[in-house]
Amino acid sequence: MAQLSADCFAFGGPLLSVDEAVARLPSLLGVVEGSESVTLVQADGRVLAQDILAPLPLPPFTNSAVDGYAVRGEDLPAGEEKAFSVVDFVQAGASANIAATAGKAVRIFTGAPMPAGADTVFMQEDVQVAPDGKVVLPSGLKRGANVRPTGEDIAQGQVVLKAGHRLRPQDVALAAALGQTSLEVRRRVRVAVFSTGNEIVSPGAARGPVQLFDSNRFMLMAMLARLGCEVDDLGILRDDLAATADMLKHAAAHHDLILTSGGVSTGDADYVKSAVESVGSLVFWRLAIKPGRPVAMGVIEGTPFIGLPGNPVASYVTFAYVARAAVLALSGAPMRLPTPVQVRAAFTYKKKPGRREYVRAHLRQAADGSVEVVKFPREGAGLLSSLVDTDGLVELHEDVIRVEPGQTVPFLAYSSLVG
Ligand code: AMP
Ligand code: MG
């Protein structure tokens, strides 16, 4: 199991900024041990355990970038067009039999190797075929044009993908282009997920008149799956201190991370925090973030614990900005989110200083064609529709106290926040 390092106990402050909390994560969370070999088909989203070196250059041989006619650089028409006889024909996957010599061109297609002697290709769209079968090539083309030299993309021996890189489809493509059939990746992070609360029931179970179907657990499991985790659905914890403590302790023995939602604020029935303290320790339990102030981090017998708030929007936001970074730290991948884009606000908003706020918003095209961001009209942290009907979050830093229409604000789409 991943171990939480001892220095995590050093922090005792009650309200931590989002940046401070995230900056602490790498020292608190060790990368999970162990790796496995997966086929290319299974590799998307996994974290590389080893550097990948190119065993061959890309492209592996010099070839034509277009369909056209290959000639020697020294024969390029200077000043006016010039007719060439066509001496051979070379398709992708074949080799030319005849070299390009003075005044001769070779018909060539995209991806075919360059004939001996030739170093320049005229695009077929730029030439004229004369009635006698010769091709008339225009002047003005540079030597080497429309040719892809060996190694122009990747040099042999170059490190192309580094250990710790989370593989994307284009990375899998590169590994395939280099002839790899399998990749050594870190093992998946094992995460236990619980919901909490007497009012919460699983979809499919009988719901009493004052109960809600559990939404957080399914949202969090989906987010974890997108991060490549092995997710264990451990159901719903009732509001009971002893039972909660017991279940958390049990989960700690078999997982790299325990993730809960609900039960971490200061209500009488919020037992999660006390349960963690009874079987482990808390590192922090309140962040200066809205929505989502109660975010607890702790350790239970060496296994990290993160308790997210119960309100679904707060759960979503704190997962995206805190728990996601913890999962990436455990998986050995960089934790950084993409840089937000700066967009023009089409709303007014007032905010308290000293805390980070994330505002649900959608993008729209203004009359002049530029993009502007519009705040969702309501603010409740329980409104799932506010997440469903928006595109992402506007990030308002601690020092911001208001937003006026026309002001530029940082925005991140949900697609970069989860996954
Ligand atoms: P809590 O932090 O436990 O006080 O929960 C805050 C709010 O979130 C309450 O209205 C809960 O009913 C709601 N809530 C807690 N857990 C869930 C869940 N798993 N799914 C949907 N709503 C939840
Ligand atoms: Mg609760």
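Strand β21 is largely enclosed by the rest of this predicted model, because six of its six residues are buried. Thr-303, Phe-305 and Gly-307 point one way from the strand. Pro-304, Ile-306 and Leu-308 point the other way. Both sets are buried.

β21 has neighbours to pair with. With β17 the sense is parallel, over four bridges. Here Thr-260 stands opposite Gly-307 of β21. With β20, residues 296–300, the strands run antiparallel and five bridges join them. Gly-298 has Phe-305 in β21 as its bridge partner. β20 and β21 form a hairpin with two residues between the strands. In this hairpin Glu-301 takes a positive phi near 45 degrees.

**The core**

The largest nonpolar core has 53 residues. Leu-25, Leu-259, Phe-319 and Tyr-321 have the most contacts inside it. Several elements each supply at least two residues, among them α1 (18–28), β13 (190–196), α3 (216–226) and β17 (257–261). The strands β18 (281–284) and β21 (303–308) also do so, as do the helices α6 (312–331) and α8 (414–417). The largest share of this core comes from α6, with 14 residues.

Where does this core lie relative to domain 1 and domain 4? It lies between them, because both give residues to it. Domain 1 covers 18–34 + 188–331, and domain 4 covers 341–416. In soluble globular proteins, nonpolar side chains tend to be buried together.

Tyr-321 deserves a separate look. Leaving out residues up to four places away in sequence, Tyr-321 touches Val-18, Val-22, Leu-337 and Tyr-358, among others. Its list also includes Leu-393, Glu-395, Leu-412 and Leu-417.

**Aromatic pairs**

The structure has three aromatic pairs by the rule used here. Two of them are tabulated below.

| Pair | Centre to centre | Angle between planes | Arrangement |
|---|---|---|---|
| Tyr-316 and Tyr-414 | 5.4 Å | 80 degrees | edge-to-face |
| Tyr-321 and Tyr-358 | 3.9 Å | 20 degrees | stacked |

Tyr-316 lies in helix α6 and Tyr-414 in helix α8, so this pair ties together parts that are 98 residues apart in sequence. Tyr-316 and Tyr-414 are both buried.

Tyr-321 lies in helix α6 too, while Tyr-358 lies in strand β24, residues 356–365. The pair therefore ties together parts that are 37 residues apart in sequence. Tyr-321 and Tyr-358 are buried as well.

**Charges over a ring**

Which residues sit over the ring of Trp-285? Lys-273 lies over its face, at 4.2 Å from the ring centre. The charged end of Arg-286 sits over the ring of Trp-285, 5.2 Å from its centre.

Ala-333 lies in the loop between α6 and β22 (341–345). Is Ala-333 buried or exposed? Its relative accessibility is 7%, so Ala-333 counts as buried; the cut-off for buried is under 20%. Ala-333 is in contact with Val-47, Gly-164, Arg-166 and Leu-328, leaving aside neighbours within four places in sequence. Leu-224 is 109 residues from Ala-333 along the chain, and their C-alpha atoms are separated by 14 Å.

Methods:
Residues numbered from 1 in each chain as written. Chains lettered and ligands numbered in written order. Predicted model: local features only at pLDDT ≥ 70, side-chain atom pairs only at ≥ 80, totals over all residues. Heavy atoms only, no water. Core = buried A, V, L, I, M, F, W, Y, C linked by side-chain atoms within 4.5 Å. Buried < 20%, exposed > 50% of the residue type's maximum accessible area, 1.4 Å probe, protein only. Domains from an automatic or database assignment. Contact = heavy atoms within 4.5 Å. Pairing = 2+ DSSP bridges. Phe/Tyr/Trp six-rings, centres within 6.5 Å; stacked < 30°, edge-to-face > 60°. Lys NZ or Arg CZ within 6 Å of the ring centre and 35° of its normal.
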